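Biologist: I am new to this structure. Please give me a close look at one part of it, after a few words on the whole.

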Amino acid sequence: GVPDSGRMVRSHPGPYKYFVRLTDHGDRSHALEGMQAGADDYRAKTLDVGDLHLRLIAAERVSGLHKRLAEQDVSLRVLAEVDQLTQLANRHKSTELLNQLLTLARRKRMPLSLVVIDIDHFKQVNDRYGHSTGDGVLRRISATMPLAFRHADLLAPRVRREFVTAISAASPAARARPASPA
């Protein structure tokens with residue numbers, strides 16, 4: 001019925017779908033029921049072409065607004081979760097991901113290795129070549145390090161010259177192997 005189709009349209013994720021319910025019923029109770037169920041517009045099937053054209057213009061505007069809102073949501077999420085210099089998860093997002101990994105490791109009784117990676121002599125790079133060069137070094141390291149880890153592993157900046165990674169379900173040999181100095 002009316003409520004089921006409206007709720008079905010609204011329950012699907014993805015781009016906003018402008019939903020016009022056409023019906024043989026012309027009374028307001030059916031219109032109200034359709035709108036409360038998720039329809040954006042509710043029209044009797046006896047609709048003239050001029051009226052339909054006006055409603056399609058309104059539908060296009062509403063759909064465009066929903067599209068822009070979805071794009072802004074993605075942009076804001078990136079700003080809220082990504083470190084702008086390294087393009088890795090920021091402190092807030094990495095803490096959230098680490099908590100998820102810890103919960104999963106406990107629940108499945110899997111090992112979780114936490115590794116802190118320190119960039120030796122980073123202060124000397126900044127002192128000698130300047131902070132913009134140091135930022136470039138951090139960007140290059142941040143772009144390269146993910147190649148050494150699985151997609152499921154957490155990698156995030158910790159402080160200016162340190163990164164942290166959480167490696168779930170690492171093999172005993174990998175957990176026991178010390179990191180080699182560069």
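Modeller: A residue is called buried under 20% relative accessible area, exposed over 50%, and partly exposed in between, with a 1.4 Å probe and protein chains only. By that rule, 24% of the 182 residues in the chain are buried. The model is predicted: local features need pLDDT of at least 70, side-chain atom pairs count only at pLDDT 80 or more, and totals for chains, interfaces and linings use all residues. Numbering starts from 1 along each chain as its sequence is written, and side-chain values use heavy atoms, with hydrogens and water left out.

The chain has seven helices and five strands, taken as DSSP runs of at least four residues (H or I) and at least two (E), numbered from the N terminus. Their order along the sequence is α-β-α-β-α-α-β-α-α-β-β-α.

The part I take is the sheet, with the segments on either side of E3. Three strands form an open sheet in the order E3-E5-E4, with antiparallel pairing; two strands pair if DSSP finds at least two bridges between them. E3 and E4 (154-159) each have a single partner strand, so they stand at the edges and one side of each lacks a neighbour in the sheet. From one strand to the next, the twist averages 25°. E3 is joined to E5 (residues 162-168) by seven bridges, and Val 116 has Val 164 of E5 as its bridge partner.

H4 packs on this sheet, touching E3, E4 and E5, and its direction makes about 130° with that of E4. Contact here means heavy atoms within 4.5 Å. The phi of Gln 87 is near 60°, a positive value in a residue other than glycine, and Gln 87 is exposed at 52% relative accessibility.

The loop between E3 (112-118) and H5 contains His 121. Phi is positive at His 121 too, near 65°, and this residue is not glycine; His 121 is exposed, at 58% relative accessible area.

H5 (residues 122-129) packs against H6 (residues 131-144) at an angle of about 140°, with the axes 7 Å apart. Axes are lines fitted to C-alpha atoms, for helices over the stretch in contact, and angles run from 0 to 180 degrees between N-to-C directions. The two helices, H5 and H6, are therefore oblique to each other; under 35 degrees is roughly parallel, over 145 roughly antiparallel, 65 to 115 roughly perpendicular, and the rest oblique. H5 contributes Phe 122, Val 125, Asn 126 and Tyr 129 to the contact, and H6 contributes His 131, Thr 133, Gly 134, Val 137 and Leu 138.
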